[in-house]
Amino acid sequence: MARPCLLLNPTSRHGRAARGTADRTTPMAQLQFRQALRAAMTEEMERDENVFLIGEEVAEYNGAYKVSEGMLDKFGPKRIIDTPISEAAFSGLAVGSACMGLRPIVEFMSWSFTWVCIDQIVNNAANVRYMSGGQYKVPVVFRGGNGIAHQLGATHSHRMESVYARIPGLIVVHPSTPADAKGLLKSSIRCDDPVIFLESEKMLNELGEVPDDADYTVPIGVANVERQGKDVTLVSYGRALQRVVRPAVKALADDHGIDVELIDLRTLRPMDTKTCIESIKKTNRCVIVDEDWGYCGMGSGILQKLQKPAFDYLDAPIEYVHSDEIPVPFNHYLEEAMMPSVDRIVSAVKEVCYR
Amino acid sequence: MSVVDEVAKRPATRKPPESNSAAKSDGSAERARLRLMMLIRRFEERTVQEYQKAGQKIGGFCHVYSGQEAIAVGISAIFQKGKDQLINGYRCHGHSLALGMPARDCFAELFGKATGCSKGKGGSMHFFDAEAGNNGGHGIVGGHIPVGLGLAFAQKYKNTGGVTFCLFGDGAINQGTHNEALNMASLMKAPVIWIVENNGVAMGTQVERSSAEKDLAERGSGYAMPHYHVDGNDVDTVIEKFGAAVERARKGEGPSYIVADTYRFRGHSMSDAMKYRTKDEMEKAKLRDPITLYEVRLREQGLLTQEQIDQLQEEVSKEVADAVAQADNDPHPQLEDRFDDILAEKYPYQPK
Ligand SMILES: Cc1ncc(C[n+]2csc(CCOP(=O)(O)OP(=O)(O)O)c2C)c(N)n1
C-alpha cells in the first residue's frame, strides 16, 4: 500500500524538492519529466486495465512530445488510441466512458487547444456528478503541455490554470519536478474525480531523481515546502517555479541575504491554503509568482485565498509577480520580457521586505 | 416541403411490420406501449399546468415532449435494461419515463425536491438515472453527443454487448461536435445509434433555414454508416428500423444515423408563443398524433376496445395526479446538501 511521502528527499536536483517514501530507501532513477510521466501512465495501466490513453498522435507517432513513446507497442491499439483532430469528441468520449467506469487519460497536444472543448470539460466532466445528484464518478485525467513554451506565438502559449482552477468539480494539478510529475500523475489516475494535469513542453527534458517504486505516489491537495526560510514566503508552481523562482531564491540568498521559504503548490484546486498561512505566520511576508496574466489570473485567486487569513500576520501587502497583460509575442526577446524574471521577483521580494 | 407535409402524406394507419413478432402477441405489449405514450403525454400536459402555477413551482427552462412520444416509447421497446445506455439533450422527460423512471421522481426533480431523480440539483433539463441507463438530460445543444460516443466506447471496450442510443434535435446537427463524434464513432465502430429527433424546428428556426442539406439523413452520409429516415410518429416503424440498427451495432458493425421525423405540439419552451407556426400546419400535424394513430391501429387489429382506451386514460391520469401530490409533499434538499456531490474524494487525496 502506498504511503504518503512526507520526507524531503535530499538527493533531488533541487535539494529538497521531491518527497521520498518515509520508511524505506526508495530506489531512484534519473528521469526526464516526460519519462516520469510515461512511467506513471505505464505503471497505472499495468495495474488497472480500465486505464487507457487517448489523444492526437499518442499511438503510432509515439506522442507529439514523445511522452507516450513505446506505449502502443506495450499496450496495443485498444488502450493507446490515436484520434482525429477532434478535441471536443475525444474529451467528451473520455467523460462518457468515465461515467461507465473506465479511467481515461486524455492527452492534449497543448492546453491552448482546449478552448475548443472547454464545454466538454466544464459542462460535462465537472458538472455531471453534481447535476445528477452524485450518481456518477468521473475518473478522467486530462493532461498536456500548458503555458508559454518557446516562440509558439499567442495561440499556443495560453496558461489555462486559472480557467480550470475556478471550476468546482475539477482538480487542477501542476507539478514542477519529475518526481512530483510521476507521483501526482499516479494519484490523478487513481483519483475518482476529473483532474486537469498541467505540464509544460519546456519542462519535458528536465532531469530529476524519480522513485522507481510502483507504489510511489504524491497526494493531491498538499503543497510542498521546498525550502525552509525565515524572511519571506514565496508561493509558486509549475514552470515559473522551475524557470525563474528557484534562481531568484538563490540570488536573494547569495546577493541580498534574504532567506526565502519556498512553497510549491503542486495542486491549484483544491489549494493547500493551510501550508501557505503557516509559512506566512513565520515569515510575515508573501510573494506569489506565476506566468499567468495578472487580472483574474491564477495568482489573484491564490491571493484571495490568503489575504484575509494572513492579514494579521503580514508586515506588507502580498505581492503578485505575473506576466505582462499582452498576447504572447512571437519574438524571443519580447516573449522573454513579458514573463516574470529573476529581477522582477527579486525586486518584489525586496519590496515586501522593505529592503 | 416541410416535415409536416412530408409526414402527412403517409397513410394514417398501416399494417404493422411482419418482423415485429410482438404484433402477433396477445396485445399486452402493444397496450403497454400505448399506455406509456399516454403517460408521457399526460405527464407533459400536467407539467405545463404546474409550470404556469404561481410561485415558480417549476423554475427555469422547461421543454416538453408532447407529440414525439413514439420515438421514446419505440426505443424503450428494444432497450435492454442493464446493458444498453441512453443519452439525450434537454428535452428529456419523455425518454426518462419511457426508461421506467417513476413519474414521482421526475415531478420531484421538476419541483427541485430532494427526492428528485437528480436530488433537485438537475431540474427539467437534467434528468438522470444511472441504474435505468439514462445518462441525462444535457443542456448544451450538441454537447452531449461526444459523451454518447464515450458511453458506446466503454461498451465496446468492456465488451458488454450493449448499445448506446444518443438522441439530439435537428438544431444540434449544426454543432461541430456532431461532425467530430460521428466521424470517430464510425472509425471506432462504436455501438451507437445516432438519433435525430427532427421536429422540424430549433426554437423558431425551421430546418430549411438551418441546414443547407434539406434531407437530414444525408447529413449522416460522409461518415460511412447507414443513414435513413423513420416516421417518428409511428411507434411500430421506430421499433422495426431502430431494431435493425441495434442489431447491426450489437454485431460489431458500428453506428447508424437515423432521422426520426416528428412534430412537437407545444412551443419550444414555456415562453414560446409559436408565432412561427400557422393554424393550418398545426391542424395538419394533429392528424398525425402518434397516440391517436396507435390507438386506431390497435382498435383495427382488435387488440383494444374504446373502453380499454378510456380505462388506460383514467389510469395514467391517476398515476400522474398521485405523482404530483407526492412530489408536492416531498421535502426540499437541506441547504447544506448544496455542498455534496461535487467531488467523489475528500482532499488531500491519498491514493488507494
Ligand atoms: C450551445 C447552445 N446554444 C444555444 C442554446 C439555446 N438553445 C436551447 S434549445 C435550442 C434549440 C435546439 O433545437 P433542437 O436541437 O432542434 O431541439 P428541439 O428543441 O427541437 O428538441 C437552443 C438554440 C443551448 N442550450 N446551447
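User: Are A:Phe90 and A:Phe108 buried or exposed?

Analyst: A residue is called buried under 20% relative accessible area, exposed over 50% and partly exposed in between, with a 1.4 Å probe and protein chains only; by that test both A:Phe90 and A:Phe108 are buried. This is a predicted model, in which local features need pLDDT of at least 70, side-chain atom pairs count only at pLDDT 80 or more, and totals for chains, interfaces and linings use all residues. Residues are numbered from 1 along each chain as its sequence is written, chains are lettered from A and ligands numbered from 1 in the order in which they are written, and side-chain values use heavy atoms, leaving out hydrogens and water.

User: How many aromatic pairs are found over all chains?

Analyst: Rings of Phe, Tyr and Trp (its six-membered ring) pair if their centres lie within 6.5 Å, and planes under 30 degrees apart count as stacked, over 60 as edge-to-face and the rest as tilted; the whole structure has 14 such pairs. The planes of A:Phe90 and A:Phe108 meet at 35 degrees, with ring centres 6.0 Å apart, so this pair is tilted.

User: Which cluster do ring pairs form?

Analyst: Ring pairs join A:Phe90, A:Phe108, A:Trp111, A:Phe142 and A:Tyr164 into a cluster.

User: Where does the charged end of B:Lys57 sit?

Analyst: A charge sits over a ring if NZ of Lys or CZ of Arg is within 6 Å of the ring centre and within 35 degrees of the ring normal; the charged end of B:Lys57 is over the ring of B:Phe111, 4.3 Å from its centre, while A:Lys74 lies over the face of A:Phe75, at 5.7 Å from the ring centre.
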